[in-house]
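This report examines side-chain packing and aromatic contacts in a single protein chain. The structure under discussion is shown below.

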Amino acid sequence: MKNRILSVDIFRGATIILMILVNTPGTWSAVYAPFLHAPWHGYTPTDLVFPFFLFIVGTSIVFSYKNKPVSTSTYKKITIRTLKLIGLGLFLGAFIIHFPFFKDFADIRFPGVLQRIGVVFFFASILFLNVNWKTLIGITAFLLVGYWLIMTLIPVNGMESTLERAPNNLANWLDVQIFGSHNYKADYDPEGFLSTIPSIASALMGVFTGLILTSKLPKKETILMGIGGSLLIIGHLWDIVFPINKALWTSSFVLVTAGWANLILALIYYLTDIKGINFGVTFKYVGANAITLYFLSSFISKVLGQIKISEDTSMHQWLFNTIYVHDTIPLQLSSLLYGLTVVGFYILLAHVLYKKGIFIKV
């Protein structure tokens with residue numbers, strides 16, 4: 001592929017590797033704190049992973065559509081890709097290994113990671129194709145400030161709104177009203193309806209970075225560093241009145257995660273695209289089939305969790321307990337080693353697919 005920016009491919013691949021790692025520990029009862037989500041407000045390294053992917057989705061939109069004509073064909077391709085992502089997400093949420101192979105309708109979760117990626121990709125792509133960068137900045141600001149005002153000023157069932165996990169949290173309340181039993185939890189969904197609005201801004205942040213990387217501006221890495229640092233400062237200041245929260249995808253969370261994304265991408269860009277240091281090829285391989293590997297990891301993990309070796313032991317539990325659990329190793333380390341093995345498998349698969357020229361586009 002001509003004119004590829006290596007750092008973008010490396011960033012995408014590293015993000016997918018981290019997504020797989022944090023989603024597949026040996027046991028959820030023993031996980032090192034950095035590999036867990038924050039209980040509610042605040043953030044951990046794990047909370048950066050999903051917004052990083054939405055950010056790089058935005059960056060990739062620039063590479064894919066910057067010189068594409070705004071046509072019916074382009075809109076059709078965007079819509080088809082969106083529907084594929086949503087369909088794969090719904091399939092993951094509904095699939096079971098036993099006949100009839102799908103959960104009862106009432107038990108199927110409607111929101112999800114792939115569904116959110118699909119929706120965000122759709123709106124970010126349409127906006128990118130139809131408005132200039134200055135208007136995009138205005139739309140991003142409108143989404144973030146609007147979400148803040150909506151979440152903090154609109155009462156819920158006659159009660160003052162709250163940002164805690166409670167019935168009078170507007171995002172949580174709307175998820176219950178819209179999705180009912182189809183939520184991740186009974187009272188909320190981390191990929192819910194209202195919180196999808198600011199997640200579009202996460203992708204638009206990536207669009208701005210993509211525009212910088214594809215421009216003729218000098219010292220792009222310095223510009224990205226400056227933007228990243230500024231977003232971090234503004235996001236942490238906003239945290240005082242609108243707490244950083246991944247489950248609610250608060251506006252401060254958008255800015256802080258985009259800040260870190262810009263800083264990390266700027267560093268990779270400087271090392272690889274500017275200095276020509278050859279590293280991260282493995283991440284490039286993974287990034288070439290990012291969605292495919294994420295889907296496979298989620299699907300296989302689900303299958304291993306449902307196959308029963310005995311009445312109360314799944315294939316996943318049996319593998320973990322048999323191979324990784326030892327008296328001389330802390331259980332958290334055993335759990336991490338299992339996750340690293342899973343990651344190693346998908347890295348190997350990514351290498352094989354890349355070398356054979358197999359790129360599965362979703």
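Beyond its neighbours within four places in sequence, Phe-53 is in contact (heavy atoms within 4.5 Å) with Arg-12, Thr-15, Ile-16, Met-19, Ile-117, Ala-290 and Ile-291. The model is predicted, so local features need pLDDT of at least 70 and side-chain atom pairs count only at pLDDT 80 or more, whereas totals for chains, interfaces and linings use all residues. Residues are numbered from 1 along each chain as its sequence is written, and side-chain values use heavy atoms, with hydrogens and water left out.

Phe-53 also belongs to the largest nonpolar core, which holds 89 residues; Phe-53, Ile-117, Met-151 and Met-205 touch the most other members. A nonpolar core is a set of buried Ala, Val, Leu, Ile, Met, Phe, Trp, Tyr and Cys residues joined through side-chain atoms within 4.5 Å. Buried denotes under 20% relative accessible area, exposed over 50%, and partly exposed the range in between, with a 1.4 Å probe and protein chains only.

## Helix α12

Helices (H or I, at least four residues) and strands (E, at least two) are DSSP runs, numbered from the N terminus. Helix α12 spans residues 315–324, and its buried residues include His-316, Phe-320 and Tyr-324. These residues cover an arc of only 30 degrees around the axis, which puts them on the same side of α12; the arc is taken from the directions from the helix axis to the C-beta atoms. The cover over the buried residues of α12 includes α11 (290–306), β2 (313–314) and α13 (331–355).

## Helix α13

Helix α13 has 25 residues and reaches 36 Å from its first C-alpha to its last, close to the expected 36 Å; the expected span is 1.5 Å times one less than the number of residues. Among its buried residues are Ser-334, Tyr-338, Val-342, Tyr-346 and Leu-353. The buried residues of α13 pack against α1 (6–23), α10 (281–288), α11 and α12. After α13 comes Gly-357, with a positive phi near 70 degrees.

Leu-349 also lies in α13 and is partly exposed, at 24% relative accessible area. Apart from neighbours within four places in sequence, Leu-349 is in contact with Leu-293 and Leu-296. The C-alpha atoms of Leu-349 and Tyr-285 are separated by 9.2 Å, although the two residues are 64 apart along the chain.

## Aromatic pairs

Rings of Phe, Tyr and Trp (its six-membered ring) pair if their centres lie within 6.5 Å; planes under 30 degrees apart count as stacked, over 60 as edge-to-face and the rest as tilted. By this rule there are 23 aromatic pairs. The rings of Phe-91 and Phe-102 are edge-to-face, because their centres are 6.0 Å apart and their planes stand at 75 degrees. Phe-91 lies in helix α3 (residues 72–94) and Phe-102 in the loop between α3 and α4 (113–130), so the pair ties together parts 11 residues apart in sequence. Phe-91 is partly exposed at 29% relative accessibility, as is Phe-102 at 40%.

Phe-320 and Tyr-338 form another edge-to-face pair, at 6.0 Å centre to centre and 90 degrees between the planes. This pair links helix α12, through Phe-320, to helix α13, through Tyr-338, across 18 residues. Phe-320 is buried at 4% relative accessibility, and Tyr-338 is buried at 7%. Elsewhere, Phe-91, Phe-95, Phe-102, Phe-295 and Phe-299 form one aromatic cluster.

## Charges over rings

A charge sits over a ring if NZ of Lys or CZ of Arg is within 6 Å of the ring centre and within 35 degrees of the ring normal. The charged end of Arg-81 sits over the ring of Phe-121, 4.8 Å from its centre. The charged end of Arg-116 is placed over the ring of Trp-249, 5.1 Å from its centre.
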